[in-house]
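Please open the model in a viewer and keep the selection panel at hand.

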Amino acid sequence: MTVSSTGTPTTRVIGGLALLITGWVVVSAFFITPADSVQGDSVRIMYAHVPTAWIAYLAFVTTAIASGFSVARRHRTLGFDRVAGASAEVGVLFMAMTLITGSLWGRLTWGTFWQWDPRLTTTLFLFVTYVGYLAVRRIDTDPRQRASRSSVIALLAVLEIPLVHFSVVLWRSLHQEASVLNTDGDVRLDGLMLFTLFSGVVAFTLIFVWLVIHRQRLTTLSDLERVVGLDAAITARRAENSAGVTA
Amino acid sequence: MDLTPREVSEAPRPRRRILPAVVAVLAAVGGLAVVAVFLTSSVDYYCNVDEVGVRDGCADDQRLRVQGNVDEGSLQSRAGQTSFVLSFNGVSLPVDYEGEPGGVFQECIPVVAHGRVVDGILVATRIEVKHSNEYKAENADRLDQAEKTACS
Amino acid sequence: MKDLGFILASWLITLGSIGMLAVVTTRQARRLSTRVPDDVKPWV
């Protein structure tokens, strides 16, 4: 009997914890945390928006680190490349959610869905870069060629992250400066708001880990399927030839 | 074992997929477009009120984005027209805006007004609220305190 | 709650997208798993 999934006891624990903490974050964001003194209830979007942005950064950094290991080993093992690809896929999804939730929050707070300000523009650029990275990964059907091409892009693209994060400090932006990871080290959030935000980061990190493990295994299965298919073809050819010899 | 190669109509070539290549090219073009829009709409998003007519790129004969705080007691709304005074670093600029600003627009809050300066008044076509990076719970104590220290 | 539509939309889009990716991933994994023998799957 074949194992019909990419799950293991460890991923089930991670998934269960992620669901549990996400449940708490939703309850806290909607019913427990107070409205903000200026923004009112729209602050409740922040508990989804900020963690998705941070996890997107984490995903792209993971992609770069895994690509670095893949390059260092001259792509002899494809495990690192698969992690890089899986992490970028999840990162692109989270970055898309950052842009959408940020746009909704912007309409309520700034009065506009979108402006070409430094933070929004660099974030969009980062998103487009990684969409391109994922497209490049799908051009080649050979896994080794895929690894060597995409790792170069991953190692260059990660340099955009400091530009995005510090865009609000480097230039004048409509977007506010960071409330937690800022240059002066002060945390500008009330206690329960901060705890809910922190819980959101933990929940989304667990979701990220769960998704990356499963998608990395999915790529492994896809690569293995090709090898298994090739092996079967060789066996069939051998059988065909030996039948010809005996005939 | 017969290992003679099978006859094939043409030599096998490494397989490449077309659709991802198209998406990759579109992403590259899109990325360049984003950078182009960013650079042409000026890297610094706004000029502060005290820089209008003083700083490079903030000449008062062109369309500007001006940032400042809405002065306390300056906000007036009449027949769909909103007027207020924008101040920054001790310099003030009256603003006229056709319509009601959206977002969390109010007095004592930083805003960015888009428009042209006509006879010393910024005729705005767009108002955006520039929210600070502080998040505080909405409660009675805070409201009292906020009223006491409004615009300070 | 003020602006509930925007707030709900943000959360539904966020959790919905994550949920969809999780479902798609699990389905693809089930489909591919049957085509690959267990002895070559590193996690088994």
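Of the two pairs of chains in contact, which share the most contacts? The answer is chains A and B. The model shown here is predicted, and the tour begins with this pair.

**Stop 1: the contact of chains A and B.** Select chain A and chain B together. Here 44 residues of chain B are in contact with 47 residues of chain A. On chain B, the side that touches chain A draws at least two residues from each of α1 (18-40), β7 (121-129) and α2 (140-148). Colour α1(B) separately: its twelve residues are the largest share of that side. By class, the residues on this side of chain B comprise 24 nonpolar, nine polar and eleven charged.

**Stop 2: chain B as a whole.** Chain B contains two helices and seven strands. Followed from the N terminus, its elements come in the order α-β-β-β-β-β-β-β-α. Of the 152 residues in chain B, buried residues make up 24%. Where contacts in chain B join residues at least 6 apart in sequence, 42% of them join residues at least 24 apart.

**Stop 3: a loop residue of chain B.** Select D44(B), which is found in the loop between α1 and β1 (47-48) of chain B. Is this residue buried, partly exposed or exposed? With 17 other C-beta atoms within 10 Å, D44(B) is partly exposed, because a residue counts as buried at 20 or more such atoms and as exposed at 12 or fewer. Within chain B, a distance drawn from the C-alpha atom of D44(B) to that of G57(B), 13 residues apart along the chain, reads 9.6 Å.

**Stop 4: two helices of chain A.** Select residues 46-72 and 143-157 of chain A, which are helices α2 and α5. These helices pack at an angle of about 130 degrees, and their axes are 8 Å apart. α2(A) and α5(A) are therefore oblique to each other. The crossing of α2(A) past α5(A) is left-handed. To view the contact, show side chains for F60(A), T63(A), A64(A), S67(A), G68(A), S70(A) and V71(A) in α2(A), which meet A147(A), S151(A), A154(A), L155(A) and A157(A) in α5(A). This contact has seven nonpolar and five polar residues, with no charged ones.

**Stop 5: helix α4 of chain A.** Select residues 118-139 of chain A, which form helix α4. How far apart are the end C-alpha atoms of this helix? They are 32 Å apart, which agrees with the span of 32 Å that its 22 residues should have at 1.5 Å a residue. α4(A) is mostly covered, as 20 of its 22 residues are buried.

**Stop 6: chain C.** Finally, select chain C, whose secondary structure comes to one helix and zero strands. Its C-alpha atoms fill a box of roughly 55 × 15 × 10 Å along the principal axes. Chain C has 44 residues, and buried residues make up 20% of them. In its contact with chain A, 31 residues of chain C and 33 residues of chain A take part. The chain C side of this contact divides into 17 nonpolar, eight polar and six charged residues. Chain C does not touch chain B, and the nearest C-alpha atoms of these two chains are 11 Å apart.

Note on methods. Residues are numbered from 1 along each chain as its sequence is written. Chains are lettered from A and ligands numbered from 1 in the order in which they are written. This is a predicted model: local features need pLDDT of at least 70, side-chain atom pairs count only at pLDDT 80 or more; totals for chains, interfaces and linings use all residues. Two residues are in contact if their C-beta atoms, placed from the backbone, lie within 7 Å. Helices (H or I, at least four residues) and strands (E, at least two) are DSSP runs, numbered from the N terminus. Ala, Val, Leu, Ile, Met, Phe, Trp, Tyr, Cys and Pro count as nonpolar, Asp, Glu, Lys and Arg as charged, and the others, Gly among them, as polar. The expected span of a helix is 1.5 Å times one less than its number of residues. Axes are lines fitted to C-alpha atoms, for helices over the stretch in contact, and angles run from 0 to 180 degrees between N-to-C directions. Angles under 35 degrees count as roughly parallel, over 145 as roughly antiparallel, 65 to 115 as roughly perpendicular and the rest as oblique. A crossing is left-handed if the near helix is turned anticlockwise from the far one by less than a right angle, and right-handed if clockwise.
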